[in-house]
Structure formats: structure tokens, C-alpha cells
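Have a look at the structure first.

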Amino acid sequence: MAVKSGFNGFPEGSVTFYSDLRENNNKQWFDAHKGDFETFVLQPARDFVFEMGKALKKISPGIIADPRVNKSIFRPYRDTRFSKDKTPYKTHLGIFMWEGNRAKMECPGYYLHLEPPHLMLGAGIHCFSKPLLEQYRESVVDPKRGPALAEALQQVKQKGEYSIGVKHYKKMPRGYDAAGENAELLLFNGLTAAFVTDIPKEFYTERLIHYCFEKFRDISPIQKWLLDMIGRIDK
């Protein structure tokens, strides 16, 4: 698929589209505004992925930035099979650029999430598969990798107001010491760092690439620690 190079920011229509979709989350409305979705959301998202991928190679040389729907750009349709909420469309834009040889969602990566009036930028793995969760826990208590993780988290915290997650479990997993130095991290079912803000003025300009790159670089220590963890499994 040919992708136009260059990124000039997201138009204001992208924010309007998702704000309106939240109030009109039905097939009839979406079908009537498919042109807006393509023009104001999809095309600038493709351009963003293309340019952001080039920039991220400076800190993550193996980054995969694929400007297709269901690759780096998440599908607009919700999976309603197991949900009480049957609204058919996501009221946010999700973009993910990952690093590694596994399936996309088993790799660490950088994430942009637009959900008016907020923008979220993150890195890491949101939810570990069972094998990755086991490897993560072993790494947390490892005498070398555990301190390396603590150092990576400290580096991120020193850069700014980034939240660390995802704490999920209430009880310490069996066989692990609740008094250990990194014990709280054993309650996580994923490892991410995220920055949430009101939509900045850069969002509407080509400066969004630099804006995101600065945030992604701040939280890249977590990305690199996870990539190293997965690399040891896949050797």
C-alpha cells in the first residue's frame, strides 16, 4: 500500500469526529461519516505512523511501524461478544508501534491513545500472556534483572509525571516473598509507563512527532528492559 510521506498534524476534525461518535455510537451515524473518518482520522494516522516509526528508530532500531488498520492502527470496531456494552465503535484512536519477533501484543511497544479531551502516550506491554507473566516474575526477583528494572523505573520517574502500571493482583503470587525489594511489582499483570494530558497544541501540527518522541524517549528504559526480557526467552 502506498503511503504518503510527511505528517502535518491531526486536523481538528479528528477530535470532533470522536466527540461526536461518543454521542452517536451506532452504525447509521458511522456509515454516514465514513468520509470524515478516512479524511480526519485514518489518513493522518497513517502519516503519523510512517513518520513516527522513522523517528523511533533512533531509540528502538527494531521498531515495527506498519501504517495499516489492524497493524499499527487499531480497528475502529469494538469486540462486543463478551461485553454488556454493545456499542459497536471505539470512541478513541489507538496507535501501536512495537519491537520484537512475537505477535504484536506480546511485544513491548509505544502507544498513542486519543480520546477527547485527552491524549495518552505510553510504552511497554499492557497485559502479559501467561508465559510472559511467569518470565516477568522471575526477572523481577532475579539478583541482576530485578535491580535493572528498579533502575529503569527510577529513570522514568525522574523524567516527569509518568504513571507506572499495571497493578492487577491483590495477593502475592505463591512462592514469592512479600517482603522482597520489588515485591509490589509482582502484583502487576503488565508493565507500562504512561503520560496523560489534555490534547496539546502540538497535536494539530507536524511538531507532534517531536512531542511524542520526547515522551517516548523518557519512558524507553521500560521498553528496553522488556525487550531484553523477551529476548532471553526467544534465544
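Which residue in E4 does Tyr110 stand opposite? Tyr110 faces Ala123 there. Bear in mind that this is a predicted model, where local features need pLDDT of at least 70, side-chain atom pairs count only at pLDDT 80 or more, and totals for chains, interfaces and linings use all residues. Residues are numbered from 1 along each chain as its sequence is written, and side-chain values use heavy atoms, leaving out hydrogens and water.

**Strands around E4**
- E4 covers residues 118-125, strands being DSSP runs of at least two residues, numbered from the N terminus.
- Of its 8 residues, 6 are buried (under 20% relative accessible area, 1.4 Å probe, protein chains only).
- E3 (residues 109-115) pairs with E4 in the antiparallel sense over 7 bridges (pairing takes at least two DSSP bridges), and a hairpin of 2 residues joins E3 to E4.
- E4 also runs antiparallel to E6 (residues 188-198), with 8 bridges; Ile125 has Leu191 as its bridge partner in E6.

**Largest pocket**
- A pocket here is an open set of points on a 1 Å grid over the protein atoms alone, where a 1.4 Å probe fits, with protein on both sides within 12 Å along at least five of seven lines; lining residues have an atom within 4 Å of a point.
- The largest pocket is lined by 20 residues, and Phe96, Met105, Tyr111, His126 and Thr192 lie nearest its centre.
- E4 gives the most to that lining, with 5 residues.

Key:
Buried < 20%, exposed > 50% of the residue type's maximum accessible area, 1.4 Å probe, protein only. Helix = DSSP H or I, 4+ residues; strand = E, 2+ residues; numbered from the N terminus.
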